[in-house]
Structures are given as structure tokens and as C-alpha cells.
Amino acid sequence: MRKLAALLLLLAAVTSFAGTGTIAGSYSGPDPSYGLIVEIAPDGSLRGNYVESGRVAVLNGIEVTGTTFRARASFDDGSLRALTGSVTNRGIQIGETFFEKM
């Protein structure tokens, strides 16, 4: 019984990591002034960088629930913005901008 419980815990952890791992990577936008990078931090959370029209932002509080992507963007000029989008098998759509996984 203990082996079954341990196996179920391991399976849950691997499934959770696989979901996070599938979104991690580099994404290219519609032109070179757009980009997105999502990484898995050492603590297992997601972190990243976002470039929009050449403006750079650090992404905080990245959450992926089902196909919904949410993050807080802190731009280099001090401005802040909430980002919401959707995750597809090809990339991430944020507003009108599609970021294709590279």
C-alpha cells in the first residue's frame, strides 16, 4: 500500500512538472521587436521576460491554468501591466499578439 501511495505522489509530481515544462521556452512574436521567454525557476515556479515593441519587461506571478496564461509585466521604464492570454499547442496568444514557440 505504501508503494502505491508513493507511486501516486510521484506520478502527480511528474504530471505537474510536465505541464509547467511544456510552456517553458522561447517564443517569437510577429516581428523582431516582440518576444517572450518562460523559464522554470529553481523553486518550480515560472518566471520570464517579455518584449513588446522593443520595450522589455520582467514577468512575475506567471500562472497557467488550463489554457489561460496570466502574468504581471514590470517594464524597464517602471510601468506595470497585467497580461492575460491563452496557451495553444503552437504558442501563446497575448491580446492581439501571437508568440510562436521556437
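Is F75 buried or exposed? F75 is buried, with a relative accessible area of 4%; here buried means under 20% relative accessible area, exposed means over 50%, and partly exposed lies in between (1.4 Å probe, protein chains only).

First, a word on the model. This is a predicted model, in which local features need pLDDT of at least 70 and side-chain atom pairs count only at pLDDT 80 or more, while totals for chains, interfaces and linings use all residues. Residues are numbered from 1 along each chain as its sequence is written, and side-chain values use heavy atoms, with hydrogens and water left out.

Let us start with the overall fold. In the order β1-β2-β3-β4-β5-β6-β7-β8, 8 strands close into a barrel with antiparallel pairing. From one strand to the next, the twist averages 30 degrees. Strands (E, at least two residues) are DSSP runs, numbered from the N terminus, and two of them pair if DSSP finds at least two bridges between them. The angles come from axes that are lines fitted to C-alpha atoms, and run from 0 to 180 degrees between N-to-C directions. Strands of a sheet pair through backbone hydrogen bonds, either parallel or antiparallel.

Now follow the chain from β3 onward. Strands β3 and β4 run antiparallel and are joined by 5 bridges; N49 has V58 in β4 as its bridge partner. The two strands form a hairpin with 2 residues between them. S53 lies in the loop between β3 and β4, and its phi is near 50 degrees, a positive value in a residue other than glycine. At 47% relative accessibility, S53 counts as partly exposed.

The next step takes us from β4 (residues 55–65) to β5 (residues 68–75), which pair in the antiparallel sense over 7 bridges. V64 has F69 in β5 as its bridge partner, and A57 stands opposite F75 in β5. This hairpin also has 2 residues between the strands, and G66 takes a positive phi near 65 degrees.

The β5 and β6 hairpin has 4 residues between the strands, and G78 in its turn has a positive phi of about 95 degrees. A further hairpin joins β6 to β7 through 3 residues; those two strands run antiparallel with 3 bridges, and S86 stands opposite Q93 in β7.

Not counting residues up to four places away in sequence, I94 touches L36, Y50, F69, L83, T84, G85 and F99, where contact means heavy atoms within 4.5 Å. In soluble globular proteins, nonpolar side chains tend to be buried together.

Aromatic rings bring us back to F75. Rings of Phe, Tyr and Trp (its six-membered ring) pair if their centres lie within 6.5 Å; planes under 30 degrees apart count as stacked, over 60 as edge-to-face and the rest as tilted. The structure holds 2 aromatic pairs. Y50 and F75 form an edge-to-face pair, 6.2 Å centre to centre with 70 degrees between the planes. This pair links distant parts of the chain, with Y50 in strand β3 and F75 in strand β5, 25 residues apart. Y50 is buried, with a relative accessible area of 1%.

Y50 also forms a tilted pair with F99, 5.8 Å centre to centre and 55 degrees between the planes. Because Y50 lies in strand β3 and F99 in strand β8 (residues 97–101), the pair ties together parts that are 49 residues apart in sequence.

E52, in strand β3, is buried with a relative accessible area of 15%. Leaving aside neighbours within four places in sequence, E52 is in contact with S33, Y34, F75 and R81.
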